[in-house]
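Hi,

Here's the model I said I'd pass on. Have a look at it first, and then read my notes below.

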Amino acid sequence: MQTVGQILKRFNPVKDKYISREFQSFGIYLAEELGDYKHRSLYIKLAKTINRSLIEKALSFVSDSNARNKIGLFLWKLKNLRTETEAKLKK
């Protein structure tokens, strides 16, 4: 986890025109890790709206696997983790 000050120190307005918040930085990081830079806005939204611990668990699950479709596996695992936590909260 980085502070906003650390992100802003490395902010380059020409190169990093999309990054001004921490969740945006994490969303770009997710897109790069999954090799899906085309859909970076999806990952930025996930980083903003979903609990960070769930995203990190799903990302570590994908990075440990040998799957061909890492994007699909990431989204599947994230959905499973979200439904599990919602079910625990309802009990």
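A quick word on burial before anything else: I call a residue buried under 20% relative accessible area, exposed over 50%, and partly exposed in between, using a 1.4 Å probe and protein chains only. What you have is a predicted model, where local features need pLDDT of at least 70 and side-chain atom pairs count only at pLDDT 80 or more, while totals for chains, interfaces and linings use all residues. Residues are numbered from 1 along each chain as its sequence is written, and side-chain values use heavy atoms, with hydrogens and water left out.

The C-alpha trace spans about 45 × 35 × 20 Å along its principal axes. Of the 91 residues, 32% count as buried. Taking contacts (heavy atoms within 4.5 Å) with a separation of 6 or more, 41% come from residues 24 or more positions apart.

Now to Glu 22, which sits in helix H2 (residues 22–34). Is Glu 22 buried or exposed? It counts as buried, because its relative accessible area is 18%. Its side chain makes a polar contact with the side chain of Arg 52, at 3.1 Å. By polar contact I mean a pair of N or O atoms within 3.5 Å; within protein, one must be able to donate a hydrogen and the other to accept it, and residues adjacent in sequence count only if both atoms are side-chain atoms.

Arg 52 takes us to H4, where the buried residues are Arg 52, Leu 54, Ile 55, Ala 58, Leu 59 and Val 62. Seen down the helix axis, these fall within an arc of 160° (from the directions from the axis to the C-beta atoms), so they line one face of H4. As background, an α-helix has 3.6 residues a turn, so residues three or four places apart point the same way. The buried residues of H4 pack against H2, helix H3 (40–49) and helix H5 (70–90).

The largest nonpolar core has 17 residues, and those touching the most other members are Leu 30, Tyr 43, Leu 46, Ile 55, Phe 74 and Leu 78. (A nonpolar core is a set of buried Ala, Val, Leu, Ile, Met, Phe, Trp, Tyr and Cys residues joined through side-chain atoms within 4.5 Å.) H2, H3, H4 and H5 each give two or more residues to this core, and H4 gives the most, with five. Leaving out residues up to four places away in sequence, Leu 46 touches Ile 55, Phe 74, Leu 75 and Leu 78.

There are also three aromatic pairs. One of them is Phe 61 with Trp 76: ring centres 6.4 Å apart and planes at 45°, so the pair is tilted. (Rings of Phe, Tyr and Trp, its six-membered ring, pair if their centres lie within 6.5 Å; planes under 30 degrees apart are stacked, over 60 edge-to-face, the rest tilted.) This pair links H4 to H5 across 15 residues. Phe 61 is partly exposed at 34% relative accessibility, and Trp 76 is partly exposed at 46%.

Last, Leu 73 in H5 is buried, at 19%. Not counting residues up to four places away in sequence, Leu 73 touches Phe 61, Val 62, Ser 65 and Ala 67.

Cheers

Terms used
Helices (H or I, at least four residues) and strands (E, at least two) are DSSP runs, numbered from the N terminus.
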